[in-house]
Amino acid sequence: MAFFANFETKSQDERIVFSESPVIKYKYKDGTVQVRNSTRSSNLADKANHKEEYTMKTISRRDFLRGSAAGMAGMALAGFTGSSLVMAEESDSTWEKVEYTGEDATLRFSWWGGDERLAATLAVIEAFEADYPTIQIEAEYGSSDGYNDKLATQLASGTAPDIVQIDPEYMPTYVATNPDYFVSYDEYGFDFSNYDESFLRLQINGYYDGQQLGIPTGIAGPALLVNQELADAIGLDFTGDYTWEDLIEWGKLVREYDDSMYLMCANKTYLSTFIFFNYAKQLTGQTVFDVDNGVLNLTAEQAETCLDYIQRLYDEEVIAPASYTAAYDGDNLQSDPNWINSKYVCSFAHVSTMSVMMAANESATWSVGNLPMLDGALDAGWTANCPQVIAVTSTSSNIEAAMLFLDYFFNNPESMSTLACTRSVPATEKAREICTEDGTLDEILMEAANICSAYGGLTPDRYASSEEGKTIVTDAIETVGYGASTPADAAADMVAQLEMLL
């Protein structure tokens, strides 16, 4: 196996470095507290470095790549509904290693993610290569910074890896640019019997024009992560219904309690992702763009309302100054010393990255809360999605081998156990059962996924979700945060730029 990274490449024996396992405390809605050692990293290190102990076990006979999408429709599949994650009837899907008689193949597989995702993915790759020595996987991994732009360039030039992890909010742009960038799993008879059809066959989960072009890696979405001991001490309750205005008032209570604290840990990226776009959907009852008709739904006045709220978060000291949080932009809030030292009561987070934020502050007891709503909201705003999809590119050197690897990756119970929750709450009932038995699926992650899936808001549109769309909104938030422009001026400029995306 070859390794390629956006950072310094390490030797096979040195490439994974793990820190001491943190202690994490969770508090659930029933009041019980659970204390856990996060031992996942060390377990994965053992699997990655001792693959002879990690040999595939077959369960029962099943033809590889069985059945069409129509044949799968009547199966009893993993449980997912628009209101919650539920336990469904056990799927009859089983997995067995099959013989590969095709040509020798070397496949490139690119993804982004942290150390635990890296270790888990490499462990599955090593196990696969041990079972299929004529197929080698070149791992190309690193951070999410610049990943989407690089992939767009590779797809356009025909140099993309064989297998790619994709942000589902960016995939519509890729498909709109060239619908032939990716191979249809359905046309190759991929076994989706572990998946709930109603969850799988959504555009946000890789389904386009009647074809499954991507496989969802998990169930994710927004979460509100709460330092429960602080919330209790100040008298804040996030478990009931509350509004955006309540956050303003609660922020004042926090400052009165301790003027070194803030209600919410936030940076410009999270203000854009979690607050601006969801506030806008609740305000307007629409996505930012009407993609089908090529129209910008959001008016300058509506954008001003959203930015005015964000300015109030700064002015009322609900969040720390923009000049301070700039050092911890993107998915780096867990690096903020004030987060580590319990100076924030809560933070928005992705379900897929909650564990990272909790592990950064071992002294806190964590819970998840409900999500804020606008009085008279026209849409729920908040919505569950998958954190990534994995696709096979049409320029792959060996599509058959790529499909074989991904069957091993998604359907093999041992792979499910190894990958665990490194790409958020697993997307299939079978994988969730395995991870629950292994102790790797924490109840707090399931609770967060259940909360966000219950809202059922509009799925973000592809223009607003594009790199350009997000940058336009984030830049407007930054100018307001620094006091460089008023919400009205920033909104007018934002809308003018957004219209240019059409």
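1. Thr284 belongs to helix H9, which runs over residues 268-284; helices (H or I, at least four residues) and strands (E, at least two) are DSSP runs, numbered from the N terminus. The model is a predicted one, in which local features need pLDDT of at least 70 and side-chain atom pairs count only at pLDDT 80 or more, while totals for chains, interfaces and linings use all residues. Residues are numbered from 1 along each chain as its sequence is written, and side-chain values use heavy atoms, with hydrogens and water left out.

2. Thr284 is buried, at a relative accessible area of 13%, where buried means under 20%, exposed over 50% and partly exposed in between (1.4 Å probe, protein chains only). The side chain of Thr284 comes to 2.9 Å from the backbone oxygen of Ala280, and a polar atom of that side chain lies 3.1 Å from the backbone nitrogen of Gln286. Leaving aside residues up to four places away in sequence, Thr284 touches Leu298, Gln302 and Leu378, contact being heavy atoms within 4.5 Å.

3. Helix H20 (residues 487-500) has 14 residues and should span 20 Å at 1.5 Å a residue, which agrees with the 20 Å between its end C-alpha atoms; the expected span is 1.5 Å times one less than the number of residues. In H20, the buried residues are Pro487, Ala490, Ala491, Met494, Val495 and Leu498. They cover an arc of only 130° around the axis, which puts them on the same side of H20, the arc being that of the directions from the helix axis to the C-beta atoms. These buried residues pack against H9, strand S12 (289-290), strand S13 (295-296), helix H10 (300-315) and helix H19 (467-481).

4. In helix H4 (residues 147-157), Tyr147, Asn148, Leu151, Gln154 and Leu155 are buried. Their arc around the axis is only 125°, which puts them on the same side of H4. An α-helix has 3.6 residues a turn, so residues three or four places apart point the same way. Thr153 and Ala156 are exposed on the face of H4 turned away from its buried side, whereas the cover over the buried residues includes strand S4 (105-112), strand S6 (163-166), helix H5 (171-177) and H19. Just after H4, Gly158 adopts a positive phi of about 75°.

5. For the chain overall, there are 20 helices and 16 strands, and 55% of the 502 residues count as buried. Among contacts with a separation of 6 or more, 77% come from residues 24 or more positions apart.

Methods. A polar contact is a pair of N or O atoms within 3.5 Å; within protein, one must be able to donate a hydrogen and the other to accept it, and residues adjacent in sequence count only if both atoms are side-chain atoms.
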